[in-house]
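Thanks for coming. I have one structure to go through today, so please look at the screen.

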Amino acid sequence: MRHLTYLAVLAGCLVGALWLEPVLRVGVLRRWRRLLLTLLPVVVVFGAWDVAAVAAHHWHYDPDQTVGLLLPGRLPLEELLFFLVVPVCAVLGYEAVRKVLRR
Amino acid sequence: MTYTAAAVLGVAGALVLDLVVLRTRLVAGRVWWATYPIVLAGQLVSNGILTGRGVVRYDPAAVLGVRVAYAPVEDLAFGFALVLTALSVWVWLGRRGVDAPDPPRRR
């Protein structure tokens with residue numbers, strides 16, 4: 001189970017934010033084109049930072065706590081998911097705050 | 001370049017994107033500053049687990065050595081840059097009318 005640690009943390013982030021879509025009706029997932037276009041530059045820029053940081057030995061990932069799928073640049077699959085999950089959660093949070101403040 | 005230097009550059013880059021390039025000016029508005037603490041709380045918990053359990057490990061030579069909730073303080077800058085970039089692009093796309101348009105100038 002230890003190899004699922006990173007995946008579980010990402011799942012936890014999603015659980016913490018996805019409820020905003022149906023409950024506060026923020027309409028983030030409904031605007032999927034805009035969301036995908038948001039994710040694209042984030043994945044490219046921060047993915048490149050991640051690859052460069054791994055290459056420069058700034059940080060590395062514990063192979064025992066990731067599923068073991070390595071992407072180009074020696075990034076674990078979870079890192080790609082991280083750059084998808086975090087922006088989605090942030091946008092959900094931002095739109096929720098906007099909605100609440102507008103009330 | 002150390003992670004410390006990269007993190008400072010990352011924050012500067014995100015601020016330039018928000019204020020100058022896309023002109024979304026999120027950091028000048030209240031919605032960002034109401035959202036960021038919530039995101040930060042989420043980061044401290046999730047990143048605290050990742051770094052506390054050693055899922056991610058850092059080269060001591062690449063960081064200052066100051067830790068917040070197990071993670072190097074540089075991670076706070078990384079998270080700030082990541083989230084500001086994502087939200088700036090999101091808001092910019094909205095103003096450009098991608099999917100259901102937002103009311104203009106709302107922040």
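Why does A:R25 count as exposed? Because A:R25 has 12 C-beta neighbours inside 10 Å, and the rule is that a residue is exposed at 12 or fewer other C-beta atoms within 10 Å of its own, buried at 20 or more, and partly exposed in between, with C-beta atoms placed from the backbone. Before I go on: this is a predicted model, in which local features need pLDDT of at least 70 and side-chain atom pairs count only at pLDDT 80 or more, while totals for chains, interfaces and linings use all residues. Residues are numbered from 1 along each chain as its sequence is written, chains are lettered from A, and ligands are numbered from 1, in the order in which they are written.

Back to A:R25. The residue sits in the loop between α2 (20-24) and α3 of chain A. Helices here are DSSP runs of H or I with at least four residues, strands are runs of E with at least two, and both are numbered from the N terminus. The phi of A:R25 is near 50°, a positive value in a residue that is not glycine. Most residues other than glycine have a negative phi.

There is another arginine to mention, A:R74. Its phi is near 60°, again positive and again not in a glycine. A:R74 is in the loop between β2 (70-71) and β3 (75-76) of chain A. A:R74 has 13 C-beta neighbours inside 10 Å, so it counts as partly exposed.

Now the chain as a whole. Chain A has four helices and three strands, in the order α-α-α-β-β-β-α from the N terminus. Its C-alpha atoms fill a box of roughly 45 × 30 × 20 Å along the principal axes. Of the 103 residues in chain A, 40% are buried.

Next, the partner chain. How many residues of chain A are in contact with chain B? The count is 35, against 32 residues of chain B, where contact means C-beta atoms, placed from the backbone, within 7 Å. On chain A, α1 (5-18), α3 (32-55), β1 (59-61) and α4 (77-102) each supply at least two residues of that side. By class, the side has 20 nonpolar, 10 polar and five charged residues. Nonpolar covers Ala, Val, Leu, Ile, Met, Phe, Trp, Tyr, Cys and Pro, charged covers Asp, Glu, Lys and Arg, and the others, Gly among them, are polar.

Last, the strands. β1(A) is joined by three bridges to β1 of chain B, residues 56-58, and the two run antiparallel. A:H60 has B:R57 in β1(B) as its bridge partner.

Technical notes. Contact = placed C-beta atoms within 7 Å. Pairing = 2+ DSSP bridges.
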